[in-house]
Amino acid sequence: MADLIEEVLNTRYGGKPPLDVEGLNIPLQNIVELEKYFDGIAHSVAESLNINEVSVRFSGSTNIGALVHPLDNEKYLIVIPVGIFGRIYAFARKIWSYLDRKKKGITEKSMLIMGTSPADDCDEKTYFVPEFIKCIFDEYERDADFWSDLTKFDSTNDHDDTTEFNVSIIVNQALVVIFAHELAHVTLRHINFIRDVVNGMDLDDRVRSLLRTGMELEADFSSGVQLMAVWRMWAGAESHFMDQDRHADFFRMGFSLYLLLSIFDSKKRSLYAYDQMTYAHPLVRHQAIRTGARHNLTREANSLLPIWTQGSIAGWFLAEQSVNFFTVLELMPTISPQPEGAKVTPLIPVHAMNHAGEISMGYISDKIRKEQQICEATTSLREKYLRGTLLREDCEQIAAITAHSAVSSL
Ligand SMILES: [Zn+2]
C-alpha cells in the first residue's frame, strides 16, 4: 500500500512536500506531525466503518485543492497540498496584523467606506487576481514561482511571538477543517453516490449540480463537528489552547474559518468569486461548519454553547472586517479596472463580505435557509441510496427546492 501511495503522489500530485524552502520563514516541517495525526484518525475512522483503508498525505503540489483519491477496493487517499499550508500560514499572518487597527491607521470612516459591495455593479469578468496576492488565491504552472512569490509576500508580515502563537493555532484549525471535509466525503459514501447516482443515473444537469452542492454542505457540516471534537481534545490536553478568557479560543476558530473559506475555492478569479455549480456561497459554507460545531457542543457540552455563540460570531465579524481592510487598504492600488469616467476608487469585488447591515440580512438568511434544505434533501436521498431503494424520480424532487424562487446572483 505504501508503494501505491507513493506512486500516486509522485505521478499525480507533485510527490512529497518540501519541508524547507530557502528564504521562506514558514514552519513547513509542522506538516510531518499533522500528517501523522490526520492519518491516525483516518485509519481508526475507516476501521470503525468497515472501510478497508483511508490514508492521509501532504503532497508537494503548490495548488489549493485537497481531494480524495480512490485507490482500489474501498481504499482511499486524502491528499492535502503543501500549497494550502503555506498559503494559509502566510495569509493568517497578514490578516492577523489587521486586528490592531490603530496601528494600521484604520478609522471608523474607512470602515464605513466598505459598508456596501461595489462589486455588485461591476462586471466580474474584468477582474483578476492582483500580483501581490497571486500566491494566496491563484494557481501556478511552476512550483518555484509559487514559493518565490510566497516568500516575497510573507516577508512583509509580522513574525512576533503573539502573531506566531495565534497563527499556528489558526492554521491547525483550518487544516482540521480541510482534512475532516475530505474524510466526510469518504465516510458519507459520497464517492459511491457520485459514481452510482450523480454520474450513474440519467439526471438533469440542474439536479446533478444541486446534489453536488448538497454533498459539499454535508461534508462542511461534518467538518464542523470534527473541528469541535479535535479542538476540545486539544483544549483538554494542553491548557495553553484554552485561554483563561475562552472567548479568545472561539475567536481564533471563527477567524480560521473565515480565512479558510476566503481562499478555498480554486476557481475564483478574485476574492469571493466561487464555483456555483458545486459549492454553496462561502457564507453558507461557513454557516454549515458552524452548525456542525454547534451540533457537537449541543450533543455533549451544553455549558459551552453560549460562549461559542458569542465568541464565534465576534470572530466571524472581526475576521471579515480584517479581510476587507487588508484588501482595501493594501491591494486596491495594484488592481485595475477603473470604470471609465468614474470618480470612485477601484475596488476588488468583495461579494457580500459586508452584508450592508440589516438591508441584506434577510437576503443572506434566505440563501442559508435554502441551501440548508438542499443539504437535508441530499442527506435523505443519500440514505435511501445506501439502503438500496433510491430511484431516479426521487432525485428529481430536489429541483423543487429552488424552482419557485429567483436564482440569486449572490
Ligand atoms: Zn468537498
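The mean pLDDT of the chain (the predictor's confidence in each residue, from 0 to 100) is 80, and 74% of its residues reach 70 or more. Below 50 in pLDDT lie residues 266–272, a stretch with 27 contacts in the model beyond near neighbours in sequence; two residues are in contact if their C-beta atoms, placed from the backbone, lie within 7 Å. Residues 332–339 also have pLDDT below 50, with 15 such contacts. Where pLDDT is low, the predicted coordinates should not be read in detail.

This is a predicted model, in which local features need pLDDT of at least 70 and side-chain atom pairs count only at pLDDT 80 or more, while totals for chains, interfaces and linings use all residues. Residues are numbered from 1 along each chain as its sequence is written.

Helices (H or I, at least four residues) and strands (E, at least two) are DSSP runs, numbered from the N terminus. The axes of H2 (residues 30–48) and H7 (residues 161–187), lines fitted to C-alpha atoms over the stretch in contact, with angles from 0 to 180 degrees between N-to-C directions, come within 11 Å and cross at roughly 25°. H2 is therefore roughly parallel to H7, a term for angles under 35 degrees. Leu34, Phe38, Ala42 and Val45 of H2 meet Leu175, Phe179, Leu183 and Thr187 of H7.

Strands E2 (residues 67–70) and E3 (residues 75–81) run antiparallel, joined by 4 bridges; pairing requires at least two bridges found by DSSP. Pro70 stands opposite Tyr76 in E3. Between the strands of this hairpin are 4 residues, and Asn73 takes a positive phi near 40°.

Technical notes
Parallel < 35°, antiparallel > 145°, perpendicular 65-115°, else oblique.
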